[in-house]
Amino acid sequence: MTPQGAGKLKIYLGYAAGVGKTYQMLADAQELKRQGHDIVIGYFEPHGRADTIAKTEGMEFVPRRNVEYRGAFFEEMDTDEILVRHPEICVVDEFPHTNVPGSTRTKRWEDVMALLEAGIDVLTTMNIQHLESLNDQVWQISGVRVRETIPDWVVKQADQVVMVDVTPGALVNRLLRGVVYAPEKSQKALENFFQESTLGALRELAMRQTAHESESHHAEPQHVELNQPESRPVETPAASSAQPFYPTGRLERILILVTSDPSSAMVIRRAKRVADYLHADCMAVAIQRPTGGNRAPSEEREAIERHLNFARNLHIDSRLLDAEAAGDDPAKALVEFARVNGVTQLFLARPQGKGLLGMLRSNIEQRIVWLSRDMQVTIVADRTRG
Amino acid sequence: MTPVTRRRSPEELLLQVEAEEARDTRGRLKVFLGYASGVGKSFRMIDEGRRRAERGQDVVVGAVQFPVPQDLEAVRQKIEVIPLRTANGVSVIDVPAILKRHPGVCLVDGLAWDNPPGSPNAARWQDVRQLLEAGITVIASVNIQFIAELQTQVERITGKHVTQTVPQSFLFGADEIVVVDAPPEMCMDHSGRDSGQNLAGDTSRLARQLSELREIALLFAADVVDHQLEAYLKHNGIAGSFGTQERIMVCITPRTSAKAMIESGKRNADRFHGELFVAHVKQGNLSDADRAALDRNLELARQAGARIEILEGDDPIEAILEFAHERGVTQLFVGHGLESNWWHRWTGGPVGRLIRGAQGIDVRVFPQ
């Protein structure tokens, strides 16, 4: 939730274009205006939908700003102007939008953060497929790699997440009637995101996520003590509903091994999602492969740095283990790091490649798992299509 | 919170698919599901009726909750109403009149209402079933608090016992279910004064109760959707799973330190509102000590509320993977083999084989 003094964020969450997020948001905006609140529209994407456009009637708009990029003009939300106008509430459509290069901030969610910091309440819209931690799963479900994502911690800032639901059948009908997109675009949409099974799966994800966000506002985190000493006798008490099944105790701590391999992004997303659900700490480290006098190739170092930055953007404490300190045995250095930091779970990528080559490539991972037999080790699946 | 549904076996699914095919002549059931009064279930229901009427469908109102808000009253004027009958001072749907009128679509509010004793159907949802059987499509609304199987959960939250309920299976049989969601604050005026809810207490407690009910409604709807999705995939001969619901499978043997694994599995399943399986692959010639150890482990699984699966197969790894893929498992928990240096014997070790075979599934290896 947002800090004291900051504005409150409300997200209308859907699972596809055309479910009615913007419509619902504007209906609420009209109601707030009727109640006497000072509310403006900071950004609205009409998509040529008459019903939705009608809902903006009588609302105050803060004009968009023209941004020039490579000789063309693009319209973006004028955050500075909104800050000057300083309404009580601001309506901002399409939360995951990426601003055109040259804008003050890269992402619209960063603009929204600026409004919230200034004490302005914000109503905004997004679809579940834009949530960073679900990116691989969405790819697996729909075959679409969503590029515009919002880190989970940003969504967690919301005071309210409301699910806007319609059935996939009704949505497909809207699409066929041309309510959502123009005809050519509709046809294309029907071929990927708008398949009924894809819509159903995304819808289920949205429902579960909304339940999770709702729960995180009222549930106290429960902790479970793992790795109990083996000497402790196995308890088989008579089932008692009054007692929680698991004892409360130590917090779980997840450590992600980041490498130069592209699968690192997948491991980071999944580990962070599991950590968030378990209320566990989450950290990430990368180790340079043994130098043996030779520096690792620069592409490798750059890839590692990129992945560590990706993790940092998701609010994961991330660091590069000093290759020198790691000496000849980076795997050992990593496992020692894990032990010193009270790590309970390691997250690794599935070893890539097959046969001897794959085995050689995953040499460090192999050794890590071998050395960390006193910890839980999760080998994250490749969530690929098919 | 335990999940309200279990993933079905292929046999059960087949039966369901057959039932669906046999249902072609039946009317379709669409349900608007909300978690409290005031979320806007009735509004959505009537609004859909209006839009269908405007598109030329033959829509009537069979029952709406009173009082109807003013803006809805205007909409309702445009749709034909078949008045409720009064029997023993209780309002009931006029089923014979609706059957005689035989509209294309009938709107029915308050699915959980009981009919007075002596009525042909004991409850309103049974009236609806009768309309569906007659080929009339029904659009209904229901409050999650009145679903029979959720009573224990709901009662724990609200402290209120509800006698008039709808069975969960009736809603799982719906063709379409829509969750009507709104922030708890929006329902507070309503719930505070609504004698049917009686969510007493101070504001923050009420907000918390509503928030918990909301979560139940969302998860219930997600389970229904998961169910429909699964039937759809089976129906269309599509193998695999979308992994939208987390399913955790803990593999145990007599020698595994099952306690930590099951605890962790239970915690993951609870936090993700997923499902927990504890599986054991049957082995011949267990020693008495092993047999006793296995029984203790299975008892732990039972306490955790896990679904216990005893698998059979000459090759345990095959058996585990087959089950995991068939049931859409997303996380597989296994013990680090005691004696086998599995990681070094990557191609041959059992856990290594499991990891290689577990396409699309996270594998978590536990210390032993």
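**Note on a predicted two-chain model**

1. Start with one residue. B:Lys266 is buried: 24 other C-beta atoms lie within 10 Å. The cut-off for that label is 20 or more, so B:Lys266 qualifies. B:Lys266 belongs to helix H10 of chain B, residues 258-272. Between B:Lys266 and B:Pro120 there are 45 Å, C-alpha to C-alpha, at a separation of 146 residues in sequence. Please keep in mind that this is a predicted model.

2. Chain A in outline. Chain A contains 15 helices and 13 strands. Chain A has 386 residues, and 44% of them are buried. Take the contacts in chain A with a separation of 6 or more: 73% of them link residues 24 or more positions apart.

3. Domains of chain A. The assignment gives domain 1 as 9-216 and domain 2 as 253-380. Their C-alpha centres are 35 Å apart. Seven residues of domain 1 of chain A touch eight residues of domain 2 of chain A. On the domain 1 side, H5 and helix H6 (152-156) of chain A are the elements that give two or more residues. That side holds two nonpolar, two polar and three charged residues.

4. Where the chains meet. The contact involves 53 residues of chain A and 52 residues of chain B. On the chain A side, six elements are listed with at least two residues each: helix H5 (135-142), strand S8 (160-163), helix H9 (196-216), helix H10 (263-278), helix H15 (363-371) and strand S13 (376-380). H9(A) gives the largest share, 13 residues. By class, the chain A side has 24 nonpolar, 17 polar and twelve charged residues.

5. Which strands make up the open sheet of ten strands? The order is S11(A)-S10(A)-S9(A)-S12(A)-S13(A)-S13(B)-S12(B)-S9(B)-S10(B)-S11(B), and the pairing is mixed. Strand S11 (317-321) of chain A and S11 of chain B are at the edges; each has a single partner strand, so one side of each lacks a neighbour in the sheet. Neighbouring strands are turned by 25 degrees against each other on average, direction ignored.

6. The join between the chains. S13(A) pairs with strand S13 of chain B, residues 362-366, in the antiparallel sense over three bridges. One residue pair can be picked out: A:Ile379 has B:Val363 as its bridge partner in S13(B). In general, strands of a sheet pair through backbone hydrogen bonds, either parallel or antiparallel.

7. A parallel pair in the chain A part. Strand S9 (residues 253-258) and strand S10 (residues 281-287) of chain A run parallel, joined by six bridges. Opposite A:Ile256 stands A:Ala284 in S10(A).

8. A closer look at H12(B). Which residues of helix H12 (residues 316-326) of chain B are buried? They are B:Ile320, B:Leu321 and B:Ala324. Seen down the helix axis, the buried residues of H12(B) fall within an arc of 95 degrees, so they line one face of the helix. Their cover includes strand S9 (247-251), strand S10 (275-281), strand S11 (307-311), strand S12 (331-335) and helix H13 (350-357) of chain B. After H12(B) comes B:Gly328, with a positive phi near 70 degrees.

9. A second sheet, in chain B. What is the order of the open sheet of six strands? It is S3-S2-S6-S7-S1-S8 (chain B), with parallel pairing. Strand S3 (80-81) and strand S8 (176-179) of chain B are the edge strands, each pairing on one side only. Strand S2 (residues 59-63) and strand S6 (residues 105-108) of chain B pair in the parallel sense over four bridges. B:Val61 faces B:Leu107 in S6(B).

10. Helix H9 (residues 203-235) of chain B lies across strand S1 (29-34) and S8 of chain B. H9(B) runs at about 155 degrees to S8(B).

Definitions and conventions
Residues numbered from 1 in each chain as written. Chains lettered and ligands numbered in written order. Predicted model: local features only at pLDDT ≥ 70, side-chain atom pairs only at ≥ 80, totals over all residues. Contact = placed C-beta atoms within 7 Å. Nonpolar A, V, L, I, M, F, W, Y, C, P; charged D, E, K, R; others polar. Pairing = 2+ DSSP bridges. Axes fitted to C-alpha atoms, helices over the stretch in contact; angles between N-to-C directions. Domains from an automatic or database assignment. Buried ≥ 20, exposed ≤ 12 C-beta atoms within 10 Å, placed from the backbone. Arc of directions from axis to C-beta.
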